[in-house]
Amino acid sequence: MEKADIQKIIFAAIEMANNLREEDEKITVSVQTALYGQNGELDSMGLVSFLIDVEESLQDSNIQISLSDERAMSQTKSPFRNVQTLTDYIDLLIRESME
Amino acid sequence: MIDFFLEKMKESPSHEAVVSSAFSANYGELIKLMDNFTCWLEEKGIPEGAVVSFDGDYSPSSIALFLSLTQNKNIVVPLSQDSYRHFVEFREIASTEFDISLLGDEPRLIATGREAKHDLYKKLRETKSPGLVLFSSGSTGKSKAIVQDLNKLMGKFSKQRKPLRMLIFLQLDHIGGVNSLLYSLANKGTVIVADGRSPEKVCKAIDNYKGEVLPTSPTFLNLLILSKAYESYDLTSLKLVTYGTEPMQESTLKRLGTLFPETQIQQTYGLSEVGILRSKSKSSDSLWMKVGGEEFTTKIVNGTLWIKSDSAMLGYLNAPSPFDDEGFLDTGDMVEQEGEWLRILGRKSEIINVGGLKVFPAEVESVLLEMDNVEDVVVFGEDNPITGKMVAAKFKLNTSETPREIKARMFAYCKDKLQPYKIPSKIILTEDDTYNERFKRMRRLDKDSH
């Protein structure tokens, strides 16, 4: 899966999460969007739901990876900071899973 | 105690006792059937105190056999088709000495060669009391076998109450089914048996036999609303609808009130272990109720309801005694209290702890059921490394939608109705029934089945 496809999945998850928000609170769909942590749009409940959504979309493309696990939580720099870091992290996990 | 019931039945032999599309019998005929069984039991040499199972759903025969076994001071193990997969297991746990089958034209008897020596059975034999063995639904794994003293259970019905035409919803292997039958027999009532438990068949039976009382479950009532089966039948005879066994969804209750404005809707509260408590709903559209009655005492410990009752079970055959030193039993139900009124929130074991916040499945289900195209939904917890547990929902839809479509709709619908941590993060679609044979939502089993 190309990084561009991963990004599409993340964008779709942002749009899904936006269903829970009022018009003036919607998360911007962009590569720079901060997701979780400093200035992040999501709280921990929102993150759980968001990551499940991304995982499910990946499963639809036959990619079985777990995003919300010990490994992700214990990284010194959280992979959930923004769309770009999450894209890179998913890309890494996919490549590892194919080795 | 059985004599009291027989006296009552003899008072009006021509009164209709039980009716369905397949059979009907008046009290006189029921007594005659019972006499036949009494001779048969004697002929077959079934002694007083023996543990006897029988299979067969509600019919004049099964009712008569139940009464004959009670009169013979047997320990009765009623088995219904609801649990046919467990017949062998249940007979073993109960250590039945005789198994009777009513499924053919003639009753068949098997002597098992087992000897039932459990201490609880000994207690019943010492006091020369008939007994009853019921099985819990086994939501936590193995079914627990509950031993009741039938004399105590029957004793509750000695006070005269209104004769009613009651639709039987639960079988004789369930405390609710036994309770309905005993009420009916003690008060010259009529038991109505539907051809099945679909909303259509239940409505048809109410219409055909002028049913006045429908004791049922919230899940069934929800299906009734969705099926619109009530539109095709005359249900004006229905005076009272009772629901128990699981928390009611506020949304279902509201719609029922609109659909059946003339019918009283009342919550009942009962457990196989302590029997059915007399209860009173604050109003037809209220989830607040008073429980109790002369023979019950209740207390609330850490938000959980405990009950003490004269007609409580003697104990479990296959589990330790659940009673505390004062004889109170932990119901496992979390409740909210306001003066003398109680509101059942849900099973303690079914609470979903999302990052330290409590979620009761019934509250979430109530909101999700209001959505379009939802036939039924069960809400339960799933492990999540971030919040410990997260909320998941398994939907059964009327017409097909993709998981993402329903999820997007659900988010939009719930955003101003539920706090964020209560909104399901995960959605599963199913074609299967989301409830068991007794129309009770299956939350725990779901977790293992996907």
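**Close-up views of chains A and B**

**View 1. Salt bridges between the chains.** Three salt bridges are counted between chain B and chain A (a salt bridge is a side-chain nitrogen of Lys or Arg within 4 Å of a carboxyl oxygen of Asp or Glu). In one of them, the side chain of Lys407(B) meets that of Glu56(A), at 3.1 Å from N to O. The model is predicted: local features need pLDDT of at least 70, side-chain atom pairs count only at pLDDT 80 or more, and totals for chains, interfaces and linings use all residues; side-chain values use heavy atoms, with hydrogens and water left out. Residues are numbered from 1 along each chain as its sequence is written, and chains are lettered from A and ligands numbered from 1 in the order in which they are written.

**View 2. The interface of chain B and chain A.** On the chain B side, 18 residues are in contact with 20 residues of chain A (contact means heavy atoms within 4.5 Å). Together the two chains bury about 1700 Å², with 66% of it on carbon and sulfur atoms; buried area is the accessible area (1.4 Å probe) that two parts lose on being put together, summed over both. Of the area that chain B buries against chain A, 38% is supplied by Ile386(B), Arg404(B) and Phe411(B), more than by any other three residues.

**View 3. Helix H10 of chain B and its cover.** Helix H10 spans residues 250-259 of chain B, and its buried residues are Ser251(B), Thr252(B), Leu253(B) and Leu256(B). Buried means under 20% relative accessible area, exposed over 50%, and partly exposed in between (1.4 Å probe, protein chains only). Helices (H or I, at least four residues) and strands (E, at least two) are DSSP runs, numbered from the N terminus. The cover over the buried residues of H10(B) includes helices H9 (218-227) and H11 (361-368) and strands E12 (240-243) and E13 (264-267) of chain B.

**View 4. A seven-strand sheet in chain B.** This open sheet has mixed pairing and the order E6-E5-E3-E4-E7-E8-E19. Strands E6 (108-111) and E19 (315-316) of chain B are the edges, each pairing on one side only; two strands pair if DSSP finds at least two bridges between them. Strand E8 (residues 145-149) of chain B runs antiparallel to E19(B), joined by two bridges. Val147(B) stands opposite Gly315(B) in E19(B).

**View 5. His174 in a loop of chain B.** His174(B) lies in the loop between strand E9 (165-168) and helix H7 (175-186) of chain B. Its relative accessible area is 14%, so His174(B) is buried.
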